[in-house]
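Please look at the structure shown here.

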Amino acid sequence: MNRLFWIVMAAIGVALVLLMLNNDAGSTFGIENYDFSRLVWLGAIGLLVSAGLVRSGRPLGAMARNLGTWAVIVLALVAGYQYRYELQDFASRVTAGLVPGSPLALGVEDGHATVTLDKADSGHFEARITINGAPIRTVVDTGATSTVLTAEDAQAAGFNPAALSFTVPVSTANGMARAASVRTDELAIGGIVRKNMQVTVAAPGTLSQSLLGMNFIGSLSGFDVRGDRMILRD
């Protein structure tokens with residue numbers, strides 16, 4: 001094993017010298033230098049691993065099964081990495097079906113984050129947002145001048161409804177309501193994030209579900225409604 005180790009190290013040394021000599025040419029033995037260096041390292045690792053397995057004295061059948069298992073695991077990891085965006089989109093679609101308001105898809109267009117929402121059974125677009133890290137289920141309400149939180153959701157986001165003064169009139173799709181004005185550290189939906197955004201908290205018992213209003217929608221570069229889907233663009 002020691003002799004093999006030094007042989008491998010010598011081979012790596014020769015390969016490094018060849019790479020330095022052929023740096024300007026860009027290839028070694030007709031192989032691009034980058035690919036040649038990878039071939040040398042993979043070959044060296046393969047030789048050392050093979051030698052270790054042979055010296056372990058284990059039956060060849062058992063070693064072959066172990067190598068096959070590890071090969072499958074490595075291939076699965078590589079495939080998962082290569083198709084990570086497709087898998088993320090698939091997971092988002094499954095989650096959207098199981099958890100109302102979850103984004104149907106997350107993406108990027110022209111360097112800007114996008115979020116696709118699916119219409120709920122109620123006929124409204126629901127959005128599962130986070131405020132100060134707390135998950136909150138909202139209804140997208142273009143008739144609401146501001147994002148309005150229920151007292152319960154506001155408390156989950158770190159606000160104390162009992163200490164608020166509900167003197168701010170807000171307009172919603174269901175009419176006028178009284179609320180208190182607060183500022184969030186962060187409001188996010190998917191990859192769309194807003195810092196230090198002003199939202200309002202509805203008086204306890206006056207709102208059944210939080211609303212994602214025009215102060216957030218208006219901060220976007222745009223949004224489209226295509227059938228049962230709404231696409232938000234940062």
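The questions and answers below set computed values against definitions.

Q: What kind of model is this, and how are its residues numbered?
A: This is a predicted model, in which local features need pLDDT of at least 70 and side-chain atom pairs count only at pLDDT 80 or more, while totals for chains, interfaces and linings use all residues. Residues are numbered from 1 along each chain as its sequence is written, and side-chain values use heavy atoms, with hydrogens and water left out.

Q: What makes Arg137 and Glu126 a salt bridge?
A: A salt bridge requires a side-chain nitrogen of Lys or Arg within 4 Å of a carboxyl oxygen of Asp or Glu. The closest N and O atoms of Arg137 and Glu126 are 2.9 Å apart, so the pair meets the definition. The pair links distant parts of the chain, with Arg137 in strand 6 (residues 134-140) and Glu126 in strand 5 (residues 126-131), 11 residues apart. Strands here are DSSP runs (E, at least two residues), numbered from the N terminus.

Q: Why is Glu126 called buried?
A: Buried means under 20% relative accessible area, exposed means over 50%, and partly exposed lies in between (1.4 Å probe, protein chains only). Glu126 has a relative accessible area of 5% and is therefore buried.

Q: Why is Arg137 called partly exposed?
A: Its relative accessible area is 37%, so Arg137 counts as partly exposed.

Q: How do you know that Arg233 and Asp224 form a salt bridge?
A: The closest N and O atoms of Arg233 and Asp224 are 2.5 Å apart, and the two residues form a salt bridge. Arg233, with a relative accessible area of 17%, is buried, whereas Asp224 is partly exposed at 28%.

Q: What makes strand 14 and strand 15 a pair?
A: Two strands pair if DSSP finds at least two bridges between them. Strand 14 (residues 222-226) and strand 15 are joined over five bridges in the antiparallel sense, so they pair. Gly222 stands opposite Arg233 in strand 15.

Q: What joins strand 4 to strand 15?
A: Strand 4 (residues 112-118) and strand 15 run antiparallel and are joined by five bridges. Val115 has Leu232 as its bridge partner in strand 15.

Q: Why is strand 15 called mostly covered?
A: Strand 15 (residues 229-233) has four of its five residues buried, and is mostly covered.
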